[in-house]
Amino acid sequence: LIDGKLVAGVIGDMSEFWIMHIATLWVDEEYRRRGMARYLMRELEKRAREQGAKIIRLDAFDAPSAAFYHSIGYDEVGQFAVGDGSCTAHLFVRHL
């Protein structure tokens, strides 16, 4: 929260086989490029380890998001077309 406004968040859940799945990571456009996403991912990784996760898995649906996950050490393990083919899903993992 900044001045009472929610400006960023991350949602992850532990699934089978000690895999933490990231469902959502977002930062309000006004607050981007300030390190918030990196901070949230570091905190999530820390909590995932505390819960016994061995892998974090997530999807990205645009090139800037994919570039961000590459930059923080996630490995792209696949891609596939979504919907009518106008969007590509990028699948990422990170071994903890």
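I'll start with the largest nonpolar core, which has 22 residues, and in which those with the most contacts are Met20, Met41, Ile56, Leu58, Tyr69, Tyr74 and Phe92; by such a core I mean a set of buried Ala, Val, Leu, Ile, Met, Phe, Trp, Tyr and Cys residues joined through side-chain atoms within 4.5 Å. At least two residues of this core come from each of strand 2 (19–27), helix 1 (36–50), strand 3 (55–60) and helix 2 (63–71), and helix 1 gives the largest share, six residues.

Please keep in mind that this is a predicted model, in which local features need pLDDT of at least 70 and side-chain atom pairs count only at pLDDT 80 or more, while totals for chains, interfaces and linings use all residues. Residues are numbered from 1 along each chain as its sequence is written, and side-chain values use heavy atoms, with hydrogens and water left out.

Leaving aside residues up to four places away in sequence, Met41 touches Leu25, Leu58, Phe68, Tyr69, Ile72 and Tyr74, where contact means heavy atoms within 4.5 Å.

Turning to helix 2, Ala66, Phe68 and Tyr69 are buried, that is, under 20% relative accessible area with a 1.4 Å probe and protein chains only, exposed being over 50%. Seen down the helix axis, the buried residues of helix 2 fall within an arc of 160°, taken from the directions from the axis to the C-beta atoms, so they line one face. Ala63 and Pro64, on the other side, are exposed.

As for the ends of helix 2, a side-chain oxygen of Asp62 comes within 2.7 Å of the backbone nitrogen of Ser65 at its start, and just after the helix Gly73 takes a positive phi of about 95°.

Definitions and conventions:
Helix = DSSP H or I, 4+ residues; strand = E, 2+ residues; numbered from the N terminus. Polar contact = N/O pair within 3.5 Å; in protein donor to acceptor, adjacent residues only side chain to side chain.
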